[in-house]
Amino acid sequence: MNRAAAAASQVRALNPRVALSVDMENILLKPPEFYSMFDLIIATDLDLSPLSMINAACRFVNKPFYAAGSHGMYGFVFADLITHEFVIEREKSNLSTTVKAETMTRSIIAANAKDLNGKQIEMVTKREIYSPINLANTSPLQSEQVSSRRRKLQVSPLLTCLRALWEFQAVRQQSLPTHSHPDLELFTKLATEKHKELQLPPETLRSEFLRSFLQNVGSEIAAVTAFLGGQVAQDIINVLGQREQPIQNFLLFDSEDSKGPVYALHPIFPSLDGRVV
């Protein structure tokens, strides 16, 4: 039975007032117009190829897209909100807030003040620009994350392994790596290449981590999926309400270290004045 159909009755029981429908047709055969009826799209437990296709369809109809997946103790959340504006409320400081670019993807586009119980509260409107998952997957780390050896050592090897897994699935036609010697050899080769592409020190891609990741591939742990689901739900509430900074754009979760770093992965393009942006 289809997983969605099998879980439908239990999901409906969580909130009977929500209309829940199950569509068991192949999602990859849906036209872009199919996605236009939704406020946003969440795709889970798919490899890169279908995620990229769904992401592209969402962009065609200008709908926010989330992807999430878990492999045992590890997981990720990806967000492509295309262009998203949100408001941050904070106590007004003595320094005036100016309209400017804060990062490669985030800009302050407006700032207004209001009085709240005798306090001056500043409402700062910001805009974030996103990249689709297929570009984010091949993009470098931000310059500040590779600007020193200390910072390179802090980058999670989970990013390397996730990219290697998606490349492995592309080579082996969506299959997950087994514990056979050819699969282990290919995955290790791909992980080493991806690690070099990210300009990370070889010693941060330890054999122990590779072994642990491969042992977890294809499995599911309730505590990890609950954490990832909570992160997605919290982010979506903020996005729909246009409040607070959303995920930009890859959140990686390593439950063994209890860490969930977020990496903003975007292509680097030369600007008209010759600078790299």
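**Pockets and cavities**

Tutor: The largest pocket has a volume of about 2,000 Å³. Keep in mind that this is a predicted model.

Student: Which residues are closest to the centre of that pocket?

Tutor: Ala4, Leu20, Ile42, Ala43 and Thr44 are the closest to the centre, out of 41 residues that line the largest pocket.

Student: And which elements give two or more residues to the lining?

Tutor: Helix H1 (3-14), strand E1 (41-44), strand E2 and helix H8 (222-241) do. H1 gives the largest share of the lining, eight residues.

Student: How does the lining of the largest pocket split by class?

Tutor: Into 25 nonpolar, nine polar and seven charged residues.

Student: What lines the largest cavity?

Tutor: Gly69, Ser70, His71, Tyr74, Gly75, Phe76, Leu158, Leu162 and Phe213. By class, the cavity lining has five nonpolar and four polar residues, and no charged ones.

Student: Which elements supply at least two residues each to that lining?

Tutor: Strand E2 (65-71), strand E3 (74-80) and helix H5 (157-171). E2 also gives two or more residues to the lining of the largest pocket.

Student: Let's look at Ser212. Where does Ser212 lie?

Tutor: In helix H7, which covers residues 207-216.

Student: Is Ser212 buried or exposed?

Tutor: Buried, because its relative accessibility is 12% and the cut-off for buried is under 20%.

Student: What is Ser212 in contact with, leaving aside its neighbours within four places in sequence?

Tutor: Tyr74 and Glu256. Tyr74 is also one of the residues that line the largest cavity.

Student: Switching to the backbone. Where is there a cis peptide bond?

Tutor: From Gln248 to Asn249, with omega near -10°. Asn249 sits in the loop between H8 and strand E8 (250-254).

Student: Which residue other than glycine has a positive phi?

Tutor: Asp45 is one, with phi near 55°. Asn117 also has a positive phi, of about 55°, although it is not a glycine.

Student: Where do they lie? Start with Asp45.

Tutor: Asp45 is in the loop between E1 and helix H2 (48-60). Asn117 is in the loop between strand E6 (106-116) and strand E7 (119-129).

Student: How exposed are they? Asp45, then Asn117.

Tutor: Asp45 has a relative accessible area of 40%, so it counts as partly exposed. Asn117 has 77%, so it counts as exposed.

Student: Now zoom out. How many helices and strands does the protein have?

Tutor: Eight helices and nine strands.

Student: What is the radius of gyration of the protein?

Tutor: It is 21 Å. A compact globule of 277 residues would have one near 19 Å, so the value agrees. Along the principal axes, the C-alpha atoms fill a box of roughly 65 × 55 × 35 Å.

Student: What share of the residues counts as buried?

Tutor: Of the 277 residues, 42%. The protein exposes about 15,600 Å², and carbon and sulfur atoms supply 55% of that area.

Student: Last one. What share of the contacts with a separation of 6 or more comes from residues 24 or more positions apart?

Tutor: Those residues account for 63% of them.

Methods. Residues are numbered from 1 along each chain as its sequence is written. This is a predicted model: local features need pLDDT of at least 70, side-chain atom pairs count only at pLDDT 80 or more; totals for chains, interfaces and linings use all residues. Side-chain values use heavy atoms; hydrogens and water are left out. On a 1 Å grid over the protein atoms alone, a cavity is a set of points where a 1.4 Å probe fits but cannot get out, and a pocket is an open set with protein on both sides within 12 Å along at least five of seven lines; lining residues have an atom within 4 Å of a point. Helices (H or I, at least four residues) and strands (E, at least two) are DSSP runs, numbered from the N terminus. Ala, Val, Leu, Ile, Met, Phe, Trp, Tyr, Cys and Pro count as nonpolar, Asp, Glu, Lys and Arg as charged, and the others, Gly among them, as polar. Grid points are joined across faces, edges and corners, and a volume is the space filled by probe spheres set on the points. The radius of gyration is taken over C-alpha atoms; the globule rule is 2.2 Å times the number of residues to the power 0.38. Buried means under 20% relative accessible area, exposed over 50%, partly exposed in between (1.4 Å probe, protein chains only). Contact means heavy atoms within 4.5 Å. Accessible areas come from the Shrake-Rupley method with a 1.4 Å probe; for residues, only the protein chains shown count as cover.
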